[in-house]
Amino acid sequence: MKITAVEAIPYSIDYRKPLRFASGEVHAADHVLVRVHTDDGIIGIADAPPRPFTYGETQRGMVAVIESIFAPQIIGLTLTDREIVHGRVNRTVRNPVAKAAIDMAIWDALGRTLDLPVTDLLGGYTDRMRVSHMLGFDTPEKMVDEATRMRDDYGIEVFKVKVGRRPVSLDTDVVRALRENLGDSVELYVDGNRGWSASESARAMAEMKDLGLTLAEELCPADDVLGRRWLVQQLDVPFVADESAVTPAEVTREILGGSATAVSIKTARSGFTGSTRTHHLCEGLGLEVVMGNQIDGQLGSACTVAFGSAFELTSRRAGELSNFLDMSDDLLTEPLQIHDGELAVRPGSGLGVEIDADKLERYRLDN
């Protein structure tokens with residue numbers, strides 16, 4: 001079970017349409033496939049989706065830090081030396097997504113070695129999650145059409161609506177149109193990606209008070225400390241810390257400081273090891289948790305559902321698991337399938353998924 005090599009392979013797959021939100025927009029999945037090799041011939045895999053407008057990581061930067069800094073520090077360790085791996089890579093500040101991909105690839109390799117699913121190694125609570133679909137900026141008509149298609153084709157009845165535009169009426173009109181066209185049976189919640197001020201957020205939430213929203217996420221910047229506390233105190237729905245609470249220490253700061261009342265866990269930025277730490281902290285504090293989406297492809301979504309299904313707390317709410325449907329293609333040999341609004345954990349050892357060698361050859365950028 002000794003680690004002998006770590007690969008970082010950049011690739012790019014176009015989206016069918018851009019996904020737009022307050023902090024940026026994405027036209028292609030310019031990701032990095034991470035592969036961890038062992039002396040037993042096992043290869044663990046994970047995906048690293050850079051989000052430079054949120055965490056400062058780029059595709060080229062991820063490849064460089066993995067190959068030049070992280071790989072030399074963990075080659076020679078075993079798959080069960082996860083705490084040593086965690087300690088060594090965290091001597092380098094930031095780079096959360098690159099670190100997370102290495103961690104998840106090691107877990108996948110361990111599951112393959114032991115012939116056990118990763119979700120069972122983590123906790124094994126269930127084997128599936130309800131799916132929430134994320135709706136990016138567009139006109140009310142187009143966003144209603146997309147949500148209707150997701151409900152009709154995949155049975156999805158939970159939607160995360162990107163907000164944060166100015167004027168705020170651009171977004172409140174969208175949310176109202178979604179509620180009026182989809183009815184009361186669907187769940188709607190909003191994510192501002194820090195796009196509004198605290199006062200704009202308060203006004204928007206007051207305007208949408210009759211729409212039955214269930215969550216509000218990162219409506220205004222966490223750095224606006226007093227304004228955000230003021231906003232959170234007047235809301236009657238959980239306020240979710242996302243990019244402001246990547247680590248357990250940041251979760252503690254946001255919750256105890258009164259700047260959030262719930263947490264988004266994203267395996268793409270905290271791996272399985274870091275996400276487990278955050279889960280246990282949230283469980284101890286009695287916080288609600290949402291399994292978030294880093295605009296993941298199918299491999300990233302497989303990681304999210306594997307972790308989310310492992311624990312009772314993380315499987316309560318629908319996970320954000322469907323944005324791979326916006327991609328024009330993917331790398332897996334067998335595509336993930338959403339049925340009746342649910343995504344099941346793939347059976348088999350590790351993550352239960354394999355990379356299609358021909359597709360990787362087609363989309364990789366380092367040939």
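Reader: What makes the lining of the largest cavity nonpolar, polar or charged, and how does it divide?
Author: In this predicted model, the lining holds five nonpolar, five polar and six charged residues. The class follows residue type: Asp, Glu, Lys and Arg count as charged. Lys266 is among the residues nearest the cavity centre, so it counts as charged.

Reader: Which other residues lie nearest the centre of the largest cavity?
Author: Phe21, Thr54, Asn193 and Asn293 do, out of 16 lining residues. Phe counts as nonpolar, so Phe21 falls in that class.

Reader: Why is this space called a cavity?
Author: A 1.4 Å probe fits there but cannot get out, and therefore the space is a cavity. The largest cavity has a volume of about 150 Å³. The search finds five cavities of 30 Å³ or more.

Reader: What makes the space of about 840 Å³ a pocket?
Author: A pocket is an open set, so the name differs from that of a cavity. The volume of about 840 Å³ belongs to the largest pocket. Of its 35 lining residues, Tyr55, Pro96, Val246, Thr247 and Glu250 are the closest to its centre.

Reader: Which helix supplies the largest share of that lining?
Author: Helix α10, with seven residues. Helices α2, α3 and α9 each supply at least two. By class, the lining has 11 nonpolar, 12 polar and 12 charged residues.

How values were computed. Residues numbered from 1 in each chain as written. Predicted model: local features only at pLDDT ≥ 70, side-chain atom pairs only at ≥ 80, totals over all residues. Heavy atoms only, no water. 1 Å grid on protein atoms, 1.4 Å probe; cavity = no way out; pocket = protein on both sides within 12 Å on 5 of 7 lines; lining within 4 Å. Points joined across faces, edges and corners; volume = space filled by probe spheres on them. Helix = DSSP H or I, 4+ residues; strand = E, 2+ residues; numbered from the N terminus.
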